[in-house]
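Reader: I would like to understand the charged side-chain pairs in this protein. Please take me through them briefly.
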Amino acid sequence: MQDRRRVELEAKRAKLAELKKAREDRKKSEQTRRESEAATTGPTRKDLARRDLDDLVRDVLGGSREESAVGDSTPFSSQPSTPARPHATLGPALSISASGRLSRASDAPSDGMGGNGDPLRRESFDNMNIQVQDRFVPDLVDVEQELFDLPPKERVIYNKEVQTTDIAIDPIPSISENEIREQILREQEAERTAIQEEKSEEESLLLERQLEEEIKDMTEEERTSVLMAPEFLDFLEQSSKVVQRALSDNYDYIRDYTLGMDSGVDSSEGKRVKQVCQFWDEHWCKNRSITGVDWSPKYPELSAASYNKNPSAPNDPDGIVAVWNLHLLERPEFVFHSQSDVLSVSFSLFHSNLIFGGTYSGQILLWDTRSKHLPVLKTPLSAAGHTHPVYAMQMVGTQNAHNLITASTDGLVCSWLVDMLAQPQESLELAHVSHNRTNEIAITALDFPDNETTTFWTGTEEGNIYQANRYDRAGSKAGLNQYDAYRGHAGPVTGLHFHPMVGSVDFSDLFLSCSVDWTVKLWRAKSAAKPSTSSQTINPLYSFDESDDYVYDVQWHPSHPALFGSVNGSGKFDLWNLNTDTEVPMVSTSVGSSRALNKLKWDRKEGRRVALGGSDGRLYVYDIGDMGIPRETEWVDLQRTVESLGAGQSIDGLPSR
């Protein structure tokens, strides 16, 4: 709405300026036209009349001067102190003779001599003068006033001679029909122009009044209502994110590509990991720990982290999920709320806008990045779903047929449809008859091998790993395999991950596990097609005992067959390469403030970056460089390494170490 009003105001301002400019142009063109007409058009009737009047006045003045000269030579004189009465004059070169006849000086006969020096002409003038017999003595008063030489209005009778006198008058120029038409057209055009100017002035005044009405100072209440409007807040949120993304870009805009790049290269760069960035927000991450991490399958710059409760902020939501952007370091891209601690998080593999979370209360929540902070769907707190903490979840299947598999610490495994969380599509209770107090097993980790949607392996609080089936299959029933037990850890299993099925050799039967017993163990899964008929203990192929604290998570690299990473309670990120060394990690890095690292997750595409979630609420992103690029012989070398590790396994099932 604000954008529309701003556009309307700008349009009105532009129209007002256009009208003012058009009015000025019309005035200039009219003035130019008038000047050109005055220069090209001949004298008008008014000019001719003025010219005749000027000639008449000039003749009158000339005749008066001649008569004054004649009067000075007359023999009549006045008595002392008595002014002589002026001669009666009637116009230019006109006088009254002694016989009472009105004559013009120009009509007197001329002998060709001309001028006032002619004696005949002088005698004629003497005879024309009339002596005034009546005399009077006026009372004179000194008066100062301006005198105007205006001839008195007299009744004059002209004779034929005067009436038929030729007067030189300039001919009036003739005007053609085309000129008359042009003059009429010019007058019409001037009239239309005047009407348009009047209309434009009215429109400009109207626009000015409208602008004055619309552009006005807002009151404090109006300003507050605008600033608190949901539309304004959404606009501010989105636009500020765009600006902060641009400011957070670390690209070197002044880089000179003409310079050589050999100088300053670190020879040990290939053996190091480099921190790309760390995400932390004072408001949302303070006094919280990261409990789960995942990368977006569609947008490689987005990662999600789940957080537990902040004890010092009772008014904030108990659990949150923050979506971070590698191009927006100052704050999260999205923040989603939960009424309980969020213990696990996962992006939907087939819907980039959906994010799932498992909570401490047992609810499964679904958030949509196109919606607000609250979940769009959630499971009920009932016996039909989970009622215990959900630490493990994974999505399996294809684009057209996929399910979300979740497991809680009461041994319940549920399968959910993405668009229906009211009740699980299927549920499975895992129980083991050999347990003393209860048959339930507390599931803390879960994973499916690649291209497997039925059989999965679970890690438990007791330290054992079990294989289970979702459905009945040949030779085995749905539920927990009671006979095969993967024993090796002395404490709860915190992480479990199968080898990705990539490359020329299939290692999808290998999986890693980690525990609070400070170890990471390598296992070979027994084929689900050949289940055991009696109790059997399966031992690990190898145990990595280099850690000096709890190992909280472990994961295979997505593209390098022999590479995996682990994080522990001392804040170390260990990078292992089985083809290089099995005794010590290839790279061991202390991350951040050396607080415990809870979770580890490789990016889904190249595996160049790894996200590390810390107990201090910070999410670290590291780049391993070229160490994640495998050689062609890596798969064959790993096959030899695994065979050597399996051959070193002792007869009693314990690893050689």
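Author: This is a predicted model, where local features need pLDDT of at least 70, side-chain atom pairs count only at pLDDT 80 or more, and totals for chains, interfaces and linings use all residues. Residues are numbered from 1 along each chain as its sequence is written, and side-chain values use heavy atoms, with hydrogens and water left out.

Reader: How many salt bridges does the structure hold?
Author: A salt bridge is a side-chain nitrogen of Lys or Arg within 4 Å of a carboxyl oxygen of Asp or Glu. By that rule, the salt bridges in the structure number 21.

Reader: Is arginine 640 buried or exposed?
Author: Buried means under 20% relative accessible area, exposed over 50%, and partly exposed in between (1.4 Å probe, protein chains only). Aspartate 637, its salt-bridge partner at 3.0 Å, has 21% and is partly exposed. Arginine 640 has 52% relative accessibility, so it counts as exposed.

Reader: Which residues are linked with Asp637 and Arg640 in a network of salt bridges?
Author: Aspartate 637 and arginine 640 sit three residues apart in helix 9 (residues 634-647). Their network of salt bridges also takes in Arg631 and Glu634.

Methods:
Helix = DSSP H or I, 4+ residues; strand = E, 2+ residues; numbered from the N terminus.
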